[in-house]
Structure formats: C-alpha cells, structure tokens
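Trainee: Please take a close look at one part of this model. Then walk me through what surrounds that part.

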Amino acid sequence: MEQQPRTNTQPPPVPGPFPPTIDPRAAAPHPQLQQPPHHGDQPPGPHQQPPPVDPYQQLPWVSDGTPTAEEFARRRLAKPAEPTATMGARAMLQKGTMGLVRLAPGKREQEYKQDVEMVRRNFGGLRQVTVVNPKGGAGKTVAVLLLAMTFGQKRGGYVLAWDNNETQGTLGMRAQQDFHARTVRDMMRDLHLFRGSHGRVGDLSQYVRAQGEGMFDVLASDESATAGEMLTASAFAEIREIVSRFYKLIFVDTGNNVRAQNWQAAMDATDQLVITMSARNDSAETAARMLDHLEQSGRQRLVRQAVSVVTMPPTRKDIDLPAIQRHFAARTRAVLLAPYEKLIDSGEPLRYGHLSNGTRDSWLKIAAAVAEGL
C-alpha cells in the first residue's frame with residue numbers, strides 16, 4: 001500500500017533577528033539575566049557553594065543584551081589610584097628616583113589633606129562664624145582675618161570678614177587696603193540701593209575691600225573714634241541679608257560690649273562660635289564670664305559647640321596654660337593653640353604669603369575644627 005506523504009505540522013519560522021534554525025522561544029536569556037535555580041528556603045549543602053552574586057545584575061538591560069549607558073557609567077568607576085606622597089622627604093625621594101619609588105603619604109600629610117577636605121566641604125548654605133571675647137587684645141580681629149584667609153585659600157572665594165564692632169574697629173586696619181576706604185557706615189547710608197531685587201556683586205565691591213591673595217573680602221567698621229550712633233539689631237539683620245546674597249561664609253568680628261544690640265544680633269545669627277583669648281588668666285577669665293552670660297541667656301548649645309583658640313605669647317613663662325585648657329575643654333567642643341607670630345604681634349596688615357608655615361598649618365587645623373561644626 002502506498003504511503004501518503006506526511007503533512008508538516010510545525011509552525012513556520014518566526015521572522016526576526018534570530019537565525020532560522022533557532023526557535024526564539026527556546027533561546028537562552030543573556031547570561032547576565034539568568035536567575036539562579038530556586039532551592040526554596042533550604043541552605044546550600046556542605047559541598048554546595050552559593051551562586052555568585054553579580055553586582056550589576058540589577059542594571060537595566062535592553063532586550064538583546066546590549067548594556068546601557070547606566071551600566072557603562074557604573075563600571076567605569078574604577079578603584080582610585082593609590083595615594084602617593086606629595087610633601088616632605090617621601091615626595092623628595094619619589095622625585096629623585098623619577099617615580100620608580102612610590103611612597104604613601106606620611107601621617108602629617110594625611111592629616112593636612114584631611115583638614116583641607118574638611119574646610120572645602122559643602123556646608124549646604126550660608127554659614128556665619130562669630131568670634132568673641134569682650135576683652136580687648138584677645139585676638140578676635142586676628143582670628144577673623146586668619147580664618148577668612150585660610151578658608152579663602154582652600155575654598156576659593158565667597159568669604160567675607162565683617163567688623164561688627166559697635167564703635168571703632170580695627171579689622172580694616174589689619175587688612176589689605178583697597179581702592180576705597182568705605183565702611184559699613186557708608187553701606188548703611190546706601191541700603192536703599194540693595195533693597196528688594198536691586199544690587200549686584202559689582203555694586204557691593206564699592207563697600208567691601210578685596211584682599212587679593214587672601215581670596216576674601218573685608219567689610220570694615222567705622223575707623224573714626226567719633227563715629228555716630230551704634231548699630232542696631234535691625235541694621236545688622238539688614239546688612240547680613242544683603243551680604244548673604246554674595247557670600248557663602250561670613251566671619252564676624254565683634255566688639256567688647258555684650259549688651260550692644262548688634263552684638264546680641266550677631267549671636268542670634270551664629271552657626272559656629274569661636275572664643276579667642278591670649279594665654280593669660282585675665283583674658284581667659286573674661287572669656288569664661290562671657291560663656292556664663294551666653295548660657296544664662298539660653299545659648300547653651302552655642303557654647304557647647306564652640307571652638308576655643310588660645311594665642312600663645314613669645315614665651316610660656318608665667319602662664320597657666322593647663323588650667324586654661326582644662327576649663328575650656330570642659331565647656332566647649334575643642335581647644336586649640338595658635339602659635340606666636342612676630343608679624344601678627346607687630347600690628348601691621350596681614351598677608352597670607354608672609355605667614356610662617358607653622359602659623360598657616362596651625363590655623364588650617366583651627367579652620368578644620370570650625371568647619372566641622374558647620
């Protein structure tokens with residue numbers, strides 16, 4: 001009997017990017033998309049290793065297995081290069097061997113870089129650092145200038161040093177001079193030029209003094225001993241609102257009258273308090289009594305988070321430094337020493353490049369402690 005030809009019951013090939021000999025319904029998924037076999041809740045046996053986990057298995061893939069830009073961006077985040085020394089004898093050895101010998105940074109360089117990174121970090125908005133001690137000669141003005149210099153050098157601008165003295169201040173005298181000698185009094189008379197949406201950074205340059213290599217500006221107080229009325233709290237607030245449009249970090253120098261309206265207004269706007277004193281009992285006691293006043297007026301948190309800076313004299317003879325350190329370490333977040341610098345003691349205008357390496361390093365350490373509280 002003659003057999004009839006068998007009819008092909010298989011469906012015709014599905015058109016598409018697959019070879020005609022492969023059924024797309026049986027095609028294996030991309031290796032990255034394969035799921036490990038399901039074993040329920042039972043742990044793997046003693047000779048059974050858990051399936052390796054691909055850290056990129058959750059990345060979005062297109063249907064044909066081509067990686068996306070997101071996958072490329074993540075994979076290109078290679079491990080950073082091992083740090084090498086750039087300072088001191090280790091760096092000199094590397095240079096002398098033409099890079100054949102590569103050494104890791106020493107402890108001092110690591111601390112220096114950590115301090116710089118702390119100073120450079122993003123504070124998330126405007127911050128005000130207020131420097132206080134009701135006693136004259138306690139180093140407030142010098143601290144404001146050196147902190148502004150350090151932050152300006154390491155961050156690159158947008159830093160203002162403001163002399164909020166209620167009478168005659170010396171910040172403008174210790175800073176570099178500019179093409180004008182205007183002060184905060186002149187700015188107060190011209191506040192109408194900045195109200196509302198008026199006023200640009202170019203307009204403000206007529207009232208602040210650029211400090212060149214210091215990378216910051218100074219808003220000086222009236223340098224006349226016969227100045228008019230003292231600044232009010234509302235005047236302080238209005239000036240602060242204007243300068244906050246152009247600066248990210250404001251260092252405020254204060255006067256000696258804790259009852260003055262502008263002194264109290266500065267405290268209310270403070271994000272980080274810095275207490276300065278010389279390594280003398282009278283200077284330290286005045287600062288301690290001021291802390292009593294701040295705590296009694298409800299500013300305990302400001303005091304506890306404060307940074308205390310003790311300026312050293314030319315010699316440590318006849319000073320009770322341990323007692324000063326113990327007292328302020330118990331009341332504030334940190335106590336740091338500022339070394340003696342002849343240039344600072346001279347009363348002349350300060351330039352960052354003229355400071356000794358020891359002074360710059362010490363004030364970088366102080367600046368890092370201040371930045372930690374911001």
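Mentor: Contact here means heavy atoms within 4.5 Å. This is a predicted model. Start with glutamine 264. Glutamine 264 sits in helix 9, which spans residues 261–268. Leaving aside residues up to four places away in sequence, glutamine 264 touches Val258, Arg259, His293 and Arg299. One of these, valine 258, also takes part through its backbone: the side chain of glutamine 264 reaches the backbone oxygen of valine 258 at 2.5 Å.

Next, a helix pair. Helix 3 covers residues 107–120, and helix 4 covers residues 140–156. The two pack at an angle of about 90°, and their axes are 9 Å apart. Angles of 65 to 115 degrees count as roughly perpendicular, so helix 3 and helix 4 are roughly perpendicular to each other. Helix 3 brings Tyr112, Val116, Val119 and Arg120 to the contact. Helix 4 brings Phe151, Lys154 and Arg155. By residue class, this contact has 4 nonpolar, no polar and 3 charged residues.

The largest cavity has a volume of about 50 Å³. Its lining includes Met149, Gln176 and Gln211. Glu213, Gly214 and Phe216 also line the largest cavity. Leu350, Arg351 and Tyr352 belong to the lining too. The lining residues divide into 4 nonpolar, 3 polar and 2 charged. Gly counts as polar in that division.

Terms used
Residues are numbered from 1 along each chain as its sequence is written. This is a predicted model: local features need pLDDT of at least 70, side-chain atom pairs count only at pLDDT 80 or more; totals for chains, interfaces and linings use all residues. Side-chain values use heavy atoms; hydrogens and water are left out. On a 1 Å grid over the protein atoms alone, a cavity is a set of points where a 1.4 Å probe fits but cannot get out, and a pocket is an open set with protein on both sides within 12 Å along at least five of seven lines; lining residues have an atom within 4 Å of a point. Grid points are joined across faces, edges and corners, and a volume is the space filled by probe spheres set on the points. Axes are lines fitted to C-alpha atoms, for helices over the stretch in contact, and angles run from 0 to 180 degrees between N-to-C directions. Helices (H or I, at least four residues) and strands (E, at least two) are DSSP runs, numbered from the N terminus. Angles under 35 degrees count as roughly parallel, over 145 as roughly antiparallel, 65 to 115 as roughly perpendicular and the rest as oblique. A polar contact is a pair of N or O atoms within 3.5 Å; within protein, one must be able to donate a hydrogen and the other to accept it, and residues adjacent in sequence count only if both atoms are side-chain atoms.
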